[in-house]
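Hi there,

Here is the structure I promised to pass on. Please have a look at it first, and then read my notes below.

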Amino acid sequence: MGDRVIVTLGCAECKNKNYTFQRGKKKEFKLELKKFCQACGKSTAHKEVK
Ligand SMILES: [Zn+2]
């Protein structure tokens with residue numbers, strides 16, 4: 001408890017929030033992953049959103 005944060009990844013094209021996962025607080029890097037977006041119907045860049 002306390003050292004994990006929930007990160008949400010949203011589609012860069014339609015802004016849909018498609019994925020969540022946990023990570024440690026210490027890693028402050030910005031995530032950007034290629035993920036499948038159901039709203040777009042294709043793989044798009046997904047970025048961390050708050
Ligand atoms: Zn999308």
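What follows is a short tour, from the whole protein down to single residues.

First, some housekeeping. This is a predicted model, in which local features need pLDDT of at least 70 and side-chain atom pairs count only at pLDDT 80 or more, while totals for chains, interfaces and linings use all residues. Residues are numbered from 1 along each chain as its sequence is written.

On confidence, pLDDT is the predictor's own score for each residue, from 0 to 100. The mean for the protein is 88, and 90% of its residues reach 70 or more.

Now the overall picture. The protein has four strands and zero helices; both terms refer to DSSP runs, numbered from the N terminus (helices: H or I, at least four residues; strands: E, at least two). From the N terminus, the order of elements is β-β-β-β. The C-alpha atoms fill a box of roughly 35 × 15 × 15 Å along the principal axes. Of the 50 residues, 12% are buried. Here "buried" means that 20 or more other C-beta atoms lie within 10 Å of a residue's own, "exposed" means 12 or fewer, and "partly exposed" is in between, with C-beta atoms placed from the backbone.

How do the strands come together? Two strands count as paired if DSSP finds at least two bridges between them.

On the strand 2 side, Val 7 stands opposite Phe 21, and Leu 9 has Tyr 19 as its bridge partner. Leu 9 also has a bridge partner in strand 4, namely Glu 48, and in that strand Cys 11 is partnered by His 46.

As for strand 2 itself, zero of its eight residues are buried, so this strand lies largely in the open.

Finally, which residue in the turn of the hairpin has a positive phi? Strands 1 and 2 form a hairpin with five residues between them, and in the turn Lys 15 has a positive phi of about 70 degrees. Lys 15 sits in the loop between strand 1 (4-11) and strand 2 (17-24). Lys 15 is exposed, with 12 other C-beta atoms within 10 Å.
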